[in-house]
Amino acid sequence: MKWLITGAGGMVGSDLRNALAMRGEDFLALTKSDLDITDSRAVNDAIVNARPSIIVNCAGYTRVDAAESNERLANAINGSSVEILAQAANSVDALLLHISTDFVFDGRKSSAYEINDPTAPLSAYGRSKLLGEHAATHAKKHVIARTSWLFGVNGPNFVEAIRNQIRKGSALLRVVNDQRGRPTYTPHLADALIRIANQDARGVIHYADEPDCTWHEFASAIVEELGAEVVVKPVSTEEFPRPAARPANSVLSTERYERLTGAKPESWREGLGEYLGTG
């Protein structure tokens, strides 16, 4: 199996590259500077020349709040470019493994979201990612892997934001306590993507680390892991307004992933210790 990774310089792409290298897999890792996925000619040339058996699209516009005022750009990167990848995948009979998000849901469900639950994104970012999901289905062989609350060493993330606040000497952190999801350490996601590909799966699959928590609980765990003397105050979403609306509940059910791979999701708390160098 030959892999081609787009967005190989980001959190997921770089960890997937590392995971494949450790396994001795044949892969081509293309960063944003190597390949502009919105350029159809460049994408077609790269894929036809490489002739991969699997294309993992780790590229994306991930600035959730900025997408509210840059929806056209978000749609081009997260939506239209996936159509280009899908058609290129078809030209070489490759599997397209596309990374999507919990933000395609509106968060009104009281239990975990299953793969076939109706989508209803609240934000421009979520809408752009849903466009990408629809485009990915145009690949004859495709997997849409939804995940959530990512943190890893090669990109901005919530863990680093909290740590930076502590480094600046903040004694009080205000963190929302009415949004619930499943944090996911990107090396864990990379391993999960490889397991999914090895099962020759198709369709939508959810992967996120265990267990679910609120952002406040996640922040409290970060502070505890660092041994910092900081107060983490729970606040409501209304008290902490952001340009983009967030789903109140974006917990993803990983039942299909577990059934297909025979593996349980990993612990985000263990991933947090590894990330912070405290585990």
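A charge sits over a ring if NZ of Lys or CZ of Arg is within 6 Å of the ring centre and within 35 degrees of the ring normal. Keep that handy; the model here is a predicted one.

**Exercise 1.** Work out which residue lies over the face of Tyr 113, and which aromatic pair Tyr 113 forms.

*Solution.* Start with the charge: Lys 109 lies over the Tyr 113 face, 5.6 Å from the ring centre. Next, the rings. The count of aromatic pairs comes to eleven. In one of these, Phe 105 and Tyr 113 have centres 4.1 Å apart and planes at 15°. Planes under 30 degrees apart count as stacked, so this pair is stacked. Last, check burial, where the cut-off is under 20% relative accessible area: Phe 105 has 0% and Tyr 113 has 3%, so both are buried.

**Exercise 2.** Describe helix H7: its span, its buried residues and what covers them.

*Solution.* Begin with the span. H7 runs over residues 215-226, twelve in number, and reaches 17 Å between its first and last C-alpha, close to the expected 16 Å. Now list what is buried: Trp 215, His 216, Phe 218, Ala 219, Ala 221, Ile 222, Val 223 and Glu 225. The cover over these includes strands S6, S7, S11 and S12 along with helices H5 and H9. Trp 215 and Phe 218 also belong to one aromatic cluster, whose members include Trp 149, Tyr 185 and Trp 268. Finally, look just past the helix: Gly 227 takes a positive phi of about 65°.

**Exercise 3.** Find how many disulfides the structure holds, and say whether Cys 58 and Cys 213 are buried or exposed.

*Solution.* The disulfide count is zero. Cys 58, at 17% relative accessible area, is buried. Cys 213 is buried too, at 3%.

How values were computed:
Residues numbered from 1 in each chain as written. Predicted model: local features only at pLDDT ≥ 70, side-chain atom pairs only at ≥ 80, totals over all residues. Heavy atoms only, no water. Disulfide = S-S within 2.5 Å. Buried < 20%, exposed > 50% of the residue type's maximum accessible area, 1.4 Å probe, protein only. Phe/Tyr/Trp six-rings, centres within 6.5 Å; stacked < 30°, edge-to-face > 60°. Helix = DSSP H or I, 4+ residues; strand = E, 2+ residues; numbered from the N terminus. Expected span 1.5 Å × (residues − 1). Contact = heavy atoms within 4.5 Å.
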